[in-house]
Amino acid sequence: MLWIRDWYNEMDYDWRRGRVIVHGHTPVSDEVIRSMVADWTHIPAIDIDNGCFISFQEGMGHLCSFELTFRKLFFQKNMWLVENGLNY
């Protein structure tokens with residue numbers, strides 16, 4: 001496990017051996033996540049952090065998961081925010 005930021009340009013492509021890196025900890029919009037999944041040949045990494053706690057920003061506020069075999073994304077709203085009327 002690595003703890004780094006802005007590492008895409010420093011990726012060791014030989015070490016990766018064709019594998020795709022799925023990661024989080026840097027919230028991005030659902031549009032960015034979908035674009036990463038659509039074309040991971042450019043940067044073989046997918047950030048699936050959609051900022052589950054960020055309900056006030058367009059394209060954010062979901063728990064995101066990625067099914068590797070079929071390359072399918074799933075987005076689930078933060079139900080606590082919805083149930084407490086905080087989903088903007």
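In which strand does His-62 lie? I looked this up first, and His-62 lies in strand E3. The model I am reading is a predicted one.

**Entry 1: overall layout**

I counted the elements of the protein and got three helices and four strands. Read along the sequence, they follow the pattern α-β-α-β-β-β-α. I then took the extent of the C-alpha trace, which spans about 50 × 30 × 20 Å along its principal axes. The protein has 88 residues, and 33% of them count as buried.

**Entry 2: His-62**

I listed its contacts, leaving aside neighbours within four places in sequence: Asn-50, Gly-51, Cys-52, Phe-75, Gln-76 and Lys-77. The side chain of His-62 also reaches the backbone oxygen of Met-60, at 3.5 Å. For a distance along the fold I took Ile-48, which is 14 residues from His-62 along the chain. The C-alpha atoms of this pair are separated by 9.9 Å.

**Entry 3: the pairing of E3 and E4**

I followed E3 to its partner. Strand E3 covers residues 62-67 and strand E4 covers residues 72-77; the two run antiparallel and are joined by six bridges. I checked two positions. Leu-63 has Gln-76 as its bridge partner in E4, and Phe-66 stands opposite Leu-73 in E4.

Which residues of E3 make up its covered face? They are His-62, Cys-64 and Phe-66. The uncovered face holds Leu-63, Ser-65 and Glu-67. In a regular strand the side chains alternate between the two faces of the sheet.

**Entry 4: two positive phi values**

I looked at the turn next. The hairpin of E3 and E4 has four residues between the strands. Arg-71 is found in this loop between E3 and E4, and its phi is positive, about 55°, although Arg-71 is not a glycine. At 49% relative accessibility, Arg-71 counts as partly exposed.

Where else did I note a positive phi in a residue other than glycine? Arg-17 has one, near 45°. Arg-17 is found in the loop between helix H1 (13-16) and strand E1 (21-23). Its relative accessibility is 64%, so Arg-17 counts as exposed, the cut-off being over 50%.

**Entry 5: Arg-16**

I moved back one place to Arg-16, which has its place in helix H1. Arg-16 is buried, with a relative accessible area of 11%. A polar atom of its side chain lies 2.5 Å from the backbone oxygen of Arg-19. Leaving aside neighbours within four places in sequence, I found Arg-16 in contact with Met-11 and Pro-44.

**Entry 6: Asp-47**

What is the relative accessible area of Asp-47? I read 2%, so Asp-47 is buried, being under 20%. Asp-47 is found in strand E2. Not counting residues up to four places away in sequence, Asp-47 touches Tyr-8, His-23, Gly-24, Thr-26, Val-28, Ile-33 and Met-36. Its side chain also reaches the backbone nitrogen of Asp-49, at 2.9 Å.

**Entry 7: Phe-56**

I ended in the loop between strand E2 (45-47) and E3, where Phe-56 lies. Is Phe-56 buried or exposed? Phe-56 has a relative accessible area of 61%, so it is exposed, being over 50%. I also took the distance from Phe-56 to Val-22. These two are 34 residues apart along the chain, and their C-alpha atoms are separated by 25 Å.

Conventions: Residues are numbered from 1 along each chain as its sequence is written. This is a predicted model: local features need pLDDT of at least 70, side-chain atom pairs count only at pLDDT 80 or more; totals for chains, interfaces and linings use all residues. Side-chain values use heavy atoms; hydrogens and water are left out. Two strands pair if DSSP finds at least two bridges between them. Buried means under 20% relative accessible area, exposed over 50%, partly exposed in between (1.4 Å probe, protein chains only). A polar contact is a pair of N or O atoms within 3.5 Å; within protein, one must be able to donate a hydrogen and the other to accept it, and residues adjacent in sequence count only if both atoms are side-chain atoms. Contact means heavy atoms within 4.5 Å.
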